Amino acid sequence: MTSLQGSSSNGNDVARHDPWVASLFICKDEVVGIKSHRDELVSWLVEGSLKWVAISVVGMGGSDKTTHTKKVYDNPIVTAHFDFHAWIPVSQPFKMEDVLKAIIKQFYQAMKRNAPDQEMDKMDFMSLMEKLKDCLDEKRYVIFFDDVWDQNFWSLVRLALPDNDKGNRVVMTTRNNDVAASCKESQFDRIKELRPLSPDKAWELFCKKAFQADFGGICPSELEDLSRDIVKRCEGLPLALVTIGGVLATKEKVIHQWKTFSDSLGSELGSNPRFKGITRVLSLSYLDLPYHLKLCYLYFGILPNCDSISCTRLIRLWIAEGFVQEKSGSKTLEEVAEEYLNDLIHRSLVQVSWVNISGKVRHCRVHDLMREIIVSISKDSGFCDIFSKENSGFESSDRLTRRLSIHNYTDNFPESIDISRIRSFFCFDENELPESFMGKLVSNFKLLKVLDFEDAPLCFLPKEIGDLIHLSYLSVKNTKTKNLPKSIGRLKNLMILNLKGSLILELPVEINRLYKLRYLRAYSRIEMNEYGLFHQCGVKIQKGFGCLKALWMLSIVQSDHGSDLIKEIRKLTKLRKLGIDKLKSEDGKALCTAIENMSNLQSLDVSSISKDEILDLQHISYPPQFLQNLDLSGRLENFPKWISKLEYVVKISLNYSQLIEDPLKFLQVLPNLLGLRLVGVYAGEHLHFKEGGFQKLQVLELRGLNALSSVRIEDGALPHLQALEIAHIPQLKEVPSGIQHLKEIKVLWFIGMPKDFIDKMLPNGGQDYEIVKHIPNVHFNYEVTCIPIPSIKQVKDMITHPT
């Protein structure tokens, strides 16, 4: 088998393939969790269509792609089925001429003939392609291409290999989902994603490696807690489990040695020669990134270990740092940044933590061991330093770093670092930040662009905050900060201001000077109502904010201090997200006019000044075309007909509407609606879900419908509903009629319902048990008191990870 690195062949290339070579010769007894994958791949190769079939095996570095496919390659069933089979390592970079030569050479070896090396050295790509087709034209062949990085590789392979309807197969391993997808041209082509080992399989593999010699593969009881913690950090990655288990196999089986190893695993990855293989394998994906994605990826090392990060937060930080470059055309910075993130996900470098109801990635993270490598690269390159109890010192007084992340250690601030060069500062601290620390921060960090205190124990911002004139990102989200200093008006470069969940009740008029501001997210507190729902209370904003023409997000602001607010909002035509609290009935018509002018609006959240105040939003003839999220809280005299025109809306929440007319007939026609919450929305006694209605709805929440006595679901309605919540509906005496028609439902939740209602659904005698027994998760809560009720996000989590 020939290692291909273009036309070059040197010591570095050989070193680069050491981990790959090692994976080929992994001991049989070390392979865990491989049989099912092997059997499936074998069946794909030897069964099915006589057409040419491509199979991609994709997974992050270290996921045993090579081991899995090499076992299949060597399987006697496979070797007997094909006239010719070849294994071709590809890697990056590659030359297609060398790939074709390698296949031809293996063909001649299989025929026990000498390959025409001198002749092939003179051939160009087209000549080699013809030569290869001559060799394989009458053969049934299978060719394995290992470690493919380039999306163009597949089109060249497809061009070079003959399709003779003999059941030929081509297998490709890759880390990149886009590369894997590039080979799926027909219904016969397959993609196999290798996921991490389950916790049980990971534990089995680790114990086989670490304890086989001394304890027959069984972990001593005194080492089990430490061992399980180490296995957890490997997150099911086979190469990590085998490598770390192999290192620990050579150590004494005593607690203090294993504790020391566990605590220093990050530094071990960089210094222990036995970890060079895994470090190199994991680093290759990073090294393959273009420069702008390398910068974006290093940001994952700033957060504390194992933390998942909001994609929205991450994207805004990238934008504030200047990592995201505008492209020609109509794409926004945010859309380009989302492409960056998706690229990292497709390269198996970033793991998806949570996807929202519409399938959009909302939280993500990196593998724990990959993060250790990121932290090391960040430190060595000066991208970021982490200051913590475990890393409380710096090697030299002239150490250069652009970013500083404090992890629970602000009481001993680093004096040796050249703080004048810091551009971004992050604080992840559990202790209250002292005034001296805040004063030093503002007085010394003059070049700061990013200041992120999200979730930090911060009680105030110093009045000198306006001296940080380069600041483009400021977050005091979920802190105890009560006031914004007036000097904030001097932050002319500020793009993102996140006050969400702070104690700030009113914004100073100086905010109106921040002409570059794109995001203003603020609400002062959260209140819980009688149905267990949370209400976010907006902040007061001053007259004149209509000059902030760059705003994309304005949420949530109070509108109970005059109609001037609506007049200002009309000027903000670029808004994507708008949140208004305490709207008065007389201001509804003016708000409708403003909304009609917001052609880019994607999210609208409007609450009236009280539950009984009429929310007068009937006056919209042409709603924003791309509105995706709608949340209305307040009394509606009539159902706003414009809602039925929202072709792209995916989530609607209607609260306290008190409608006399059944709202379902207006909502059931929405073609892309996925989540629907109805709270106190209807004063009628019957809800009827008709056949053909709500064709895509996944989550339905019915709450506080005090007069409702029956719910009927026709066969053909709600065909894709996965979760149904019924809460605080005292007159409902029976399970919804027709619930048995919901074939895809996974979660049914009853909260605050009478005990006799619940008892009907219990096994061993409940008269309605047979109706609901097909539902995997049925949850009850007898209490009628005010309790928090799960959000759509939490319900979606239950659907994805049922208990």
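In the predicted model, helix 12 crosses helix 13 in a right-handed manner. Helix 12 spans residues 224–234, and its axis runs 9 Å from that of helix 13 at a packing angle of about 150°. Angles over 145 degrees count as roughly antiparallel, and helix 12 and helix 13 are therefore roughly antiparallel to each other. On the helix 12 side, the residues that meet helix 13 are Ile 230, Val 231 and Cys 234. Their counterparts in helix 13 are Ala 240, Leu 241, Ile 244 and Leu 248. The contact of helix 12 with helix 13 comprises 7 nonpolar residues, with no polar and no charged residues.

Helix 13 (residues 238–249) also packs against helix 11 (residues 199–215). Here the angle is about 30°, and the two axes lie 7 Å apart. Since angles under 35 degrees count as roughly parallel, helix 11 and helix 13 are roughly parallel to each other. The crossing of helix 11 past helix 13 is right-handed. Helix 11 contributes Ala 202, Leu 205, Phe 206, Lys 209 and Ala 210 to the contact. From helix 13, the contact includes Pro 238, Leu 241, Val 242, Ile 244, Gly 245, Gly 246, Leu 248 and Ala 249. By class, the contact of helix 11 with helix 13 is made up of 10 nonpolar, 2 polar and 1 charged residues. Leu 241, Ile 244 and Leu 248 of helix 13 take part in the contact with helix 11 and also meet residues of helix 12.

The structure contains 3 cavities of 30 Å³ or more. The largest cavity holds about 80 Å³ of space. Its lining consists of 10 residues, and those nearest the centre of the cavity are Phe 300, Asp 307, Arg 365, Val 366 and Arg 371. The lining of the largest cavity divides by class into 7 nonpolar and 3 charged residues, with no polar ones.

The second largest cavity has a volume of about 40 Å³. Trp 149, Arg 175, Asn 176, Ser 285, Asp 288, Arg 347 and Leu 349 line this second cavity. Its lining comprises 2 nonpolar, 2 polar and 3 charged residues. Polar residues are thus present in the lining of the second largest cavity, whereas the lining of the largest cavity has none.

How values were computed: Residues are numbered from 1 along each chain as its sequence is written. This is a predicted model: local features need pLDDT of at least 70, side-chain atom pairs count only at pLDDT 80 or more; totals for chains, interfaces and linings use all residues. Side-chain values use heavy atoms; hydrogens and water are left out. On a 1 Å grid over the protein atoms alone, a cavity is a set of points where a 1.4 Å probe fits but cannot get out, and a pocket is an open set with protein on both sides within 12 Å along at least five of seven lines; lining residues have an atom within 4 Å of a point. Grid points are joined across faces, edges and corners, and a volume is the space filled by probe spheres set on the points. Axes are lines fitted to C-alpha atoms, for helices over the stretch in contact, and angles run from 0 to 180 degrees between N-to-C directions. Helices (H or I, at least four residues) and strands (E, at least two) are DSSP runs, numbered from the N terminus. Angles under 35 degrees count as roughly parallel, over 145 as roughly antiparallel, 65 to 115 as roughly perpendicular and the rest as oblique. A crossing is left-handed if the near helix is turned anticlockwise from the far one by less than a right angle, and right-handed if clockwise. Contact means heavy atoms within 4.5 Å.
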